[in-house]
Amino acid sequence: ELVKKSEIPRDNKVVQEGNELQLPGNEPEETFTVTLGDVISRDPAAIGRSTVVLKATSDRWPKNKLVIKISWPGSGRVPETDFLKKAYAEAEKTDGQWATKHLPRVFYAKDVVFEKDSAFESVANLFKDAQFVNGNYVYERRALRIIIQEQLVPIKSLSNARDICQVFTDIACTHRWLHDCPGILHRDLSKNNIMCRYIEEVNAKGEREQQVYGVLTDYDLSSWTKDLKTDYTRTSEQRTGTPPYMAQELLKGTSTTHLYRHDVESLFYIMLLMCGRHTFGHAKGGTGEETKRQVVMREGDLPYEDWFKAPNYATLGKNKSSFFLDTEDIELSPAFEDFRTWLQSLQIAFFEGFALKSIYVGRRRGREYSGGSACEVASFDDETLGGCIHYSSLINPIRQLTGELEGVTIRYDPVQVSPPTSTSAAHPDA
């Protein structure tokens, strides 16, 4: 069942719980012990290469709540710790070092090196001279990576819509700051990668209270923005992202370059699925006792269920394309009704952007078929969907939120937040 499904078994009988790992330290012959706990998440992937995140404890950090992430990223990929080191270095330069509150804290990272006579290397060597029916399969080597970091709070554990809105706002701000300052595009926004932490601070009344901060985690699939045009083909044979949250063009394969707006689309899906399929309640714990108030699934038929049951990437991409053709009111849970202004603004922005792109592609094809005799075709800025999707598309609607969500904090607000005037040439993937 663990292989077939990404969900954690409800009886909590996880095979790794209680097992111990002996890991090498920084000095020769230095080791320390990590004891594995409950599984936090396990992303669906190829059998044997799924990323798993577990709670953990260690004699090396006895006072810290830890998680250990065991993953199999492509061996040609930049380690996520390299991205985080660069991000922290840039954050130290910012006023108030605000960005450090939104980055995960890593205590340990290690890539496992396999010996030449290991099963891992033997299998990889079999593929060097192998011939395949389709003639173009390239075996993608993987690295076993172990990362230990602080245990964060899942967004589903929050008890009110305002805190959830603040976390989503923090993620939007941090994601763009990473893009602008250290030059990092995350490329794998999903609900499992949006976490939060509480920090005790003094409020406007001079009282100390716990403030929630959104934390963007998991940089396994990230890229330097300067490498985006070559990174897809250079580092991975697979699409980047988690299917229900992936941008429709990446699912359909009509775009091979992962752009900033694709991550914005992913964040839109995460918010839409959170606000449409969930409410607040008391979930049952492993002992049968009710937990504290938190996010739980709504009862009855759930919207967008076909996004989780699509048989392949292409079908899921078409389902999402159809969604943007319909600009009627989106379905939201009453508990998340105050999100409507933000979500509908994004829905309309994507609708207009995809419509502009369709017109551009149609005119360009018409010119090609007519041998160049048709009217001139203006260039199209694919990076912003014709100027419709940019940071201000994501941030400005937050300023219009009312009710419980009014006045959430926008932590990153560059000087240019109005829609930019596009002058760039058409993107090659347009």
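Modeller: Let's start with a side chain that reaches back to the backbone: a polar atom of the Asp-381 side chain lies 3.3 Å from the backbone nitrogen of Glu-383. That is a polar contact, meaning a pair of N or O atoms within 3.5 Å; within protein, one must be able to donate a hydrogen and the other to accept it, and residues adjacent in sequence count only if both atoms are side-chain atoms. This is a predicted model, in which local features need pLDDT of at least 70 and side-chain atom pairs count only at pLDDT 80 or more, while totals for chains, interfaces and linings use all residues. Residues are numbered from 1 along each chain as its sequence is written, and side-chain values use heavy atoms, with hydrogens and water left out.

Asp-381 sits in the loop between helix H9 (340-369) and helix H10 (391-395). Helices here are DSSP runs of H or I with at least four residues, strands are runs of E with at least two, and both are numbered from the N terminus. Asp-381 is buried but has no salt bridge. Buried means under 20% relative accessible area, exposed means over 50%, and partly exposed is in between (1.4 Å probe, protein chains only). A salt bridge needs a side-chain nitrogen of Lys or Arg within 4 Å of a carboxyl oxygen of Asp or Glu. For Asp-381, the nearest side chain of opposite charge is Arg-261, 7.6 Å away; Lys and Arg count as positive, Asp and Glu as negative, and His and the chain ends are not counted.

Now compare another aspartate. Asp-338 is in the loop between helix H8 (313-325) and H9. Its relative accessible area is 31%, so Asp-338 is partly exposed. A polar atom of its side chain lies 3.1 Å from the backbone nitrogen of Glu-404. Beyond its neighbours within four places in sequence, Asp-338 has contacts (heavy atoms within 4.5 Å) with Leu-401, Thr-402, Gly-403, Glu-404 and Leu-405. The C-alpha atoms of Asp-338 and Cys-165 are 9.6 Å apart, although 173 residues separate the two along the chain.

Next comes Phe-339, which, again leaving aside neighbours within four places, touches Ala-161, Ile-164, Cys-165, Phe-168, Cys-275, Leu-332 and Leu-405. Phe-339 also belongs to the largest nonpolar core, which has 77 residues; Ile-164, Phe-168, Leu-267, Phe-268, Phe-339 and Trp-342 touch the most other members. Helix H6 (residues 260-277) gives the most to this core, eleven residues. A nonpolar core is a set of buried Ala, Val, Leu, Ile, Met, Phe, Trp, Tyr and Cys residues joined through side-chain atoms within 4.5 Å. A second, separate core of 18 residues includes Phe-32, Ile-68, Trp-72 and Tyr-108.

Ile-68 is the bridge partner of Leu-54 and of Ile-148 in S6.

Finally, the whole protein chain: it has ten helices and 13 strands, and 47% of its 430 residues count as buried.

Note on methods:
Pairing = 2+ DSSP bridges.
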